[in-house]
Amino acid sequence: MVVVVVVSLCFQLFLLVNLAAPPLILSISVTTSNFSRHDFPLPPHFVFGSGTSAYQVEGAAFEDGRASSIWDTFAHADKTQISANDSATGDIACDSYHKYKEDIQLMVETGLEAYRFSISWPRLIPNGRGAVNPKGLKYYNNLINELIRHGIQPHATLVHYDLPQALEDEYGGCLSPKFVKDFMAYAEVCFREFGDRVLYWTTFNEVNVFVLGGYDVGITPPNRCSFPFGINCSKGNSSSEPYIVAHNILLAHASAANLYKNKYQGRQRGFIGINVFAYWYIPSTNATEDLIATQRANDFYIGWIINPLVFGDYPKIVKKNAGSRIPEFTKVESKLVKGSFDFLGVNHYNTLYIKDKPSSLKINNRDFNADMAVDIILSNDTPPDEFPITPSGLLGVLEYFKQFYGNPSIYSHEDGQQTQRNSTLHDSARVKYLHGFIGSLLDAVRNGSNARGYFTWSFLDVYELLGGYGSCFGLYYVDLDDKDLKRYPKLSAHWYSNFLKGRSSIEVENISALSHQSHFSQ
Ligand code: NOJ
């Protein structure tokens, strides 16, 4: 079949005896380039959609009782040293808070089967706990009802980087174990108020990136780090805080999932999961140390979050290298966390090469990256501002989850190409990317992956975490110079729409004709 698993017997034995790890998937290639929507299972077994998140798309940051999130604070701070787009904020973003009906109309025209969005905790519960904001409640009810009315399946994320600033100020947010109780209470408001219509719940978006960006290198909210791992933070401890925060988030996730399963799932018949970011890692050479380093990189980057959920504990190598800096699960916690999901969400964009770096373990003052002890190498054909197009990475990641974690249900929650925002509506790089990655997804499904859905990132050109309004991923361009923030379909919107409507995928070279078709209102 498509996936070739090449591992020498000796090496397998070495791994089994020494690391108790499964065989590495070393060589993978995508074979499918011409396909259609009909080649995939149909909804509800498999859905195609697109996504955004609250802070990146809603705007209306100071309206109707919404309070600040840690992302508002970060966006408004002086970030000259860490971001080229210092002054960009999500204050207005795409103004979807007011334009959600128009946006859902575009989703209908595009043919989306599902929409992945996030709920802004500080819009719904401005103080982080306590009183629910009726206007926030009304907005999400309207959004969900409008999606359902048009037959678009809502997939809601509870936290997409935008934790309430109030809880950060009060007790340090998810650095404190107090966070677990407040997250559960927020999640319960969402299950109770929206769970009759929202059947797909993701507790946290890309936990690993949130933790490393926010608490190790400090380049994302809440901007905590310590020297020499991060250079522009006033507070933090890069060596220990990432492990503590990930631990608290796992406990918060598991507590909310447990609540959902015991109190709501029987009646509401929905599903709950969590999301991680996954690179596809390839050993930079065939040397045994690089093969082992590649497995170690997966254990750190993915296993750190997913092993506790599947096996009830952190990977051995993570515990060994992090030592006393990583908290231990008690027996009760381990039982709570293990199995606390119906599906796993994966954000995957690109492939990296891994080289062993044993010297990093010789340093006493280490952070997560030093504990991982690898050098990460980018492919050298990376175009500026775009991802190199390596579709086999998605197949590799899905195959890895299948082989390593017993083939859980997976949603490919984010995948997409980055381009310069004001470059062109003729985004052939994005078309080529989607074409390749959806082909890769089909190979994975045919190879037995339990993938259940695929969402392009992003539906609109939203406010980007690091790039502000300089770079974008959207199927639709949003004209920021127009007072109405008019949306325009890009070539990729036409391509995806054609695919969703059952036409066979078309070679990139022949696709320009699509942009002249008239099935969009603009
Ligand atoms: C992942 C994040 O979830 C999303 O917020 C971000 O915009 C995309 N990656 C692209 O950077």
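Author: Let's begin with two words: on a 1 Å grid over the protein atoms alone, a cavity is a set of points where a 1.4 Å probe fits but cannot get out, while a pocket is an open set with protein on both sides within 12 Å along at least five of seven lines, and lining residues have an atom within 4 Å of a point. Grid points are joined across faces, edges and corners, and a volume is the space filled by probe spheres set on them. This is a predicted model, in which local features need pLDDT of at least 70 and side-chain atom pairs count only at pLDDT 80 or more, whereas totals for chains, interfaces and linings use all residues. Residues are numbered from 1 along each chain as its sequence is written, and side-chain values use heavy atoms, with hydrogens and water left out.

Searching the whole structure turns up four cavities of 30 Å³ or more. The volume of the largest cavity is about 120 Å³. It is lined by 18 residues, and those closest to its centre are V57, S96, Y115, Y139 and L143. Two or more lining residues come from each of helix 2 (54-57), helix 4 (96-110), strand 4 (114-118) and helix 6 (134-149). Helices (H or I, at least four residues) and strands (E, at least two) are DSSP runs, numbered from the N terminus. Helix 4 supplies the largest share of this cavity's lining, with five residues.

While you are at helix 4, look at D95, which is found in the loop between helix 3 (70-76) and helix 4. D95 is not a glycine, yet its phi is positive, at about 55°. To see why that is worth a glance, remember that most residues other than glycine have a negative phi, and most peptide bonds are trans.

Now turn to the open spaces. The largest pocket has a volume of about 1200 Å³. Among the 44 residues lining the largest pocket, V209, I219, F277, Y279 and L466 are the closest to its centre. Helix 9 (207-215), strand 10 (351-356) and helix 14 (368-372) are the elements that each give two or more residues to this lining. Helix 9 has the largest share, three residues.

If you follow the chain on from helix 9, P228 is found in the loop between helix 9 and helix 10 (241-268). The peptide bond from F227 to P228 is cis, with omega near 10°.

What takes up the largest pocket? The ligand does; a molecule sits in a pocket if more than half of its atoms lie within 2 Å of the pocket's grid points. Around the ligand you will find Q56, H160, N205, E206, N347, Y349, E414, W457, E464 and F473, a residue being counted if one of its heavy atoms lies within 4 Å.

Some of these residues make polar contacts (pairs of N or O atoms within 3.5 Å). An N or O atom in the side chain of H160 is 2.8 Å from an oxygen atom of the ligand. For N205, a polar side-chain atom also lies 2.8 Å from a ligand oxygen. W457 has a polar side-chain atom 3.1 Å from an oxygen atom of the ligand.

W457 is joined to S458 by a cis peptide bond, with omega about 5°. S458 has its place in the loop between strand 14 (451-457) and strand 15 (471-472).

Terms used
A polar contact is a pair of N or O atoms within 3.5 Å; within protein, one must be able to donate a hydrogen and the other to accept it, and residues adjacent in sequence count only if both atoms are side-chain atoms.
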